[in-house]
Amino acid sequence: MKVTKITNLPVRSEGGAIYHIVKVDTDAGIYGLGEIGIMNWSKTIANAVEHLGDLVIGADPWETERLWQDMFRSGYWPADLVYCCAMSAIDIALWDIKGKSVNLPTYKLLGGPVREKVVCYPHIKGTSQQEIIDGSKKAVDEGWKFVRWGQPDAMGEFKPNRITTLEPDKSARVAVELMGAVREAVGPDIHLCFDVHTQLEVPQVVQMCRDMEEFRPYFIEDPLRSENPGSYRNLRQQVNLPIAAGEQWASKWAFREVIEEELIDYARIDLCIVGGITEAAKITHWAETHYINIVPHNPLGPVSAAVCVALCMASANVGVQEMPVRPGSVSTDLFPQQIEWEDGFAWCPDSPGLGVDIDMDAAERGALDPLQWWPPRLRREDGSITNW
Ligand SMILES: [Mg+2]
């Protein structure tokens, strides 16, 4: 079997959701699907996918390790975030092909299942504290065992869109109040996940985390910016809550310091950024030797959801899986086959490959040019930039 074609498929579903899928075809008539991790760089990553095609087209799709090394190292300069996103989509599609070619779910090729189903957390959205509280209660009623929301903006309300202000001290205070209210609303048995989204600085994060201790969050996510993983050493000494980080890191080397020095509690590997299944499995097993659990980052579409759950089904050290919305509840026109969900847990079906399929007629109807845009932009009150 040989890879014959690699196609970028930026698409919009009938419901308006957009995805950048990568489809890898073979001469056996089997194809695989992958997804890229940074949607607002889609146009640039599409070029990287095309460039990497020079190395992958004509190769045996079973040789995922050799192809990973070829893609990461053949440029002489190690693959960066852009190339790692492109590699991720291709690698994931190759693992989908491998499963289909032997009629097995991909998680079985990874040694699974070690669990029958994977506990997941949804995104609770709202533009006010009350909406977050109400959304949390609704999620619990639907069966979710976890709820997750993010850093509120400076005005005491939540980020509307585009350019807005985030004043760190006020945001931290509102965040603490809100966590108390959510804990009160959902009771002691529901896990709370809170995403700082790299928006604060060390002193505010430290104070906020100390004030949140009494509400026992499951983890605090991305409390620091990601450029200097070693800074978790400082935070670790001052904060007494479980720390989750890693969604912005590409390749195992970005995770090296925080794993080896046990600076985080949960590794937020993004399979569509880090280098696909090949790289994510290595980081997962390496984290296991330091008793660090994975919480794969999954803000994307049904292909990302499927590959995350496949890894969790095959790994012993899993905390919880991010699952913004219920699988099978959105974009079913584009993805008629998606993974399964019930009562707060997801699992891959017993079908060959990743268990997700695309309708190519729907993909043609929803075809887009490769995209690029800027996420909402945040400023401090003095006009300086802060992370979105
Ligand atoms: Mg996050």
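This is a predicted model: local features need pLDDT of at least 70, side-chain atom pairs count only at pLDDT 80 or more; totals for chains, interfaces and linings use all residues.
This dialogue works through how to read several features of the structure shown above.

User: Which domains does the assignment give, and how far apart do their centres lie?

Analyst: Domain bounds come from an automatic or database domain assignment, and here the assignment gives domain 1 (3-104) and domain 2 (108-351). The C-alpha centres of domain 1 and domain 2 are 25 Å apart. The contact between them, where two residues are in contact if their C-beta atoms, placed from the backbone, lie within 7 Å, takes 29 residues from domain 1 and 23 residues from domain 2.

User: Which elements supply the side of domain 1 that touches domain 2?

Analyst: Helices (H or I, at least four residues) and strands (E, at least two) are DSSP runs, numbered from the N terminus. Strand S2 (18-26), strand S3 (31-35), helix H2 (64-73) and helix H3 (81-101) each supply at least two residues of that side, and the largest share, 11 residues, comes from H3. By class, this side of domain 1 has 16 nonpolar, 7 polar and 6 charged residues, where Ala, Val, Leu, Ile, Met, Phe, Trp, Tyr, Cys and Pro count as nonpolar, Asp, Glu, Lys and Arg as charged, and the others, Gly among them, as polar.

User: How should I read the contact of H3 with H10?

Analyst: One starts from axes, which are lines fitted to C-alpha atoms, for helices over the stretch in contact, with angles running from 0 to 180 degrees between N-to-C directions. The axes of H3 and helix H10 (276-288) come within 6 Å and cross at roughly 90°, and the two helices are therefore roughly perpendicular to each other, a label that covers 65 to 115 degrees. In this contact, Met87, Ser88, Asp91, Ile92 and Trp95 in H3 meet Gly276, Ile277 and Thr278 in H10, and these residues divide into 4 nonpolar, 3 polar and 1 charged.

User: Which residues of H2 are buried, and which are exposed on the face turned away?

Analyst: A residue is buried if 20 or more other C-beta atoms lie within 10 Å of its own, exposed if 12 or fewer, and partly exposed in between, with C-beta atoms placed from the backbone. An α-helix has 3.6 residues a turn, so residues three or four places apart point the same way. In H2 the buried residues are Thr64, Leu67, Trp68 and Met71. Seen down the axis of H2, these residues fall within an arc of 105°, so they line one face of the helix; the arc is that of the directions from the helix axis to the C-beta atoms. They pack against helix H1 (42-56), H3 and H10, whereas the face turned away from the buried side carries the exposed residues Glu65, Arg66, Gln69 and Arg73.

Note on methods:
Residues are numbered from 1 along each chain as its sequence is written. Angles under 35 degrees count as roughly parallel, over 145 as roughly antiparallel, 65 to 115 as roughly perpendicular and the rest as oblique.
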